[in-house]
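Please keep the sequence and the structure in view while reading.

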Amino acid sequence: MTDTPADSESFRRYLVQIERSGPPMGMRDIARLLGKAGVEVDPSYGPILVNPDLGRYVVRATASREAREAAESLPGVQFFSDVTVKPTD
C-alpha cells in the first residue's frame, strides 16, 4: 500500500464548501482551486451544488492542517469535519 495523504495521520477528511458566483464549477475547477493550497479533492464525491443562487458547492477532500488553513484563506471556502455517522443501539 502506498503512503497517500488519506493514509497519513497528518491528513484528515473534510467536507469543503465553496461559494463562487459566476459560471457553474465542475470538479476540475474545484480541484484546481483547492489544489493550489495543497488540498486533495475526492473525485468520487461531488461537486454537489447545494445552493444555485449563491453558487455554493460541497466536495469531500483530504488536507493537512497547513493546507486547510491555506485553503480557508481563499474567499468563499469553508471546511467542515467529515465524520462517520453510525447507527446507535
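## The nonpolar core

A nonpolar core is a set of buried Ala, Val, Leu, Ile, Met, Phe, Trp, Tyr and Cys residues joined through side-chain atoms within 4.5 Å. The model shown here is predicted, and its largest nonpolar core has 19 residues. Those with the most contacts inside this core are Val-16, Ile-18, Leu-34, Val-39, Val-59 and Phe-79. The elements that each give two or more residues to the core are S1, helix H1 (27-35), strand S4 (56-64), helix H2 (65-72) and S5.

Leaving out residues up to four places away in sequence, Val-16 touches Leu-34, Tyr-57, Val-58, Val-59, Ala-61, Val-77, Gln-78 and Phe-79.

## The chain as a whole

The chain contains two helices and five strands. Read from the N terminus, the order of these elements is β-α-β-β-β-α-β. The chain has 89 residues, and 29% of them count as buried.

Among contacts with a separation of 6 or more, 61% are between residues 24 or more positions apart. The chain exposes about 6,100 Å², and carbon and sulfur atoms supply 51% of this area.

## The aromatic pair

A pair of aromatic rings is described by the distance of the centres and the angle of the planes. The structure holds one such pair. It is formed by Tyr-14 and Phe-79, with 5.2 Å from centre to centre and 75° between the planes. The pair counts as edge-to-face, because the angle is over 60 degrees.

Which parts of the chain does the pair link? Tyr-14 belongs to strand S1 (residues 11-19) and Phe-79 to strand S5, and the two are 65 residues apart. Both Tyr-14 and Phe-79 are buried.

Asp-82 lies in the segment after strand S5 (77-81). Is Asp-82 buried or exposed? Its relative accessible area is 13%, and the limit for buried is under 20%, so Asp-82 counts as buried.

The side chain of Asp-82 makes a polar contact of 3.0 Å with the side chain of Arg-13. A polar contact of 2.5 Å joins the side chains of Asp-82 and Arg-60. Apart from residues up to four places away in sequence, Asp-82 touches Arg-13, Tyr-14, Leu-15 and Arg-60.

## Phe-80

Phe-80 is part of strand S5. Its relative accessibility is 39%, which lies between the limits of 20% and 50%, so Phe-80 counts as partly exposed.

With neighbours within four places in sequence left aside, Phe-80 is in contact with Tyr-14, Leu-15 and Gln-17. Phe-80 and Arg-60 are 20 residues apart along the chain, and their C-alpha atoms are separated by 9.6 Å.

## A cis peptide bond

Which form does the peptide bond from Gly-46 to Pro-47 take? This bond is cis, with omega near 5°. Pro-47 is found in the loop between strand S2 (40-41) and strand S3 (48-51).

Technical notes. Residues numbered from 1 in each chain as written. Predicted model: local features only at pLDDT ≥ 70, side-chain atom pairs only at ≥ 80, totals over all residues. Heavy atoms only, no water. Helix = DSSP H or I, 4+ residues; strand = E, 2+ residues; numbered from the N terminus. Buried < 20%, exposed > 50% of the residue type's maximum accessible area, 1.4 Å probe, protein only. Polar contact = N/O pair within 3.5 Å; in protein donor to acceptor, adjacent residues only side chain to side chain. Contact = heavy atoms within 4.5 Å. Areas by Shrake-Rupley, 256 points an atom, 1.4 Å probe, with all protein chains shown as cover. Phe/Tyr/Trp six-rings, centres within 6.5 Å; stacked < 30°, edge-to-face > 60°.
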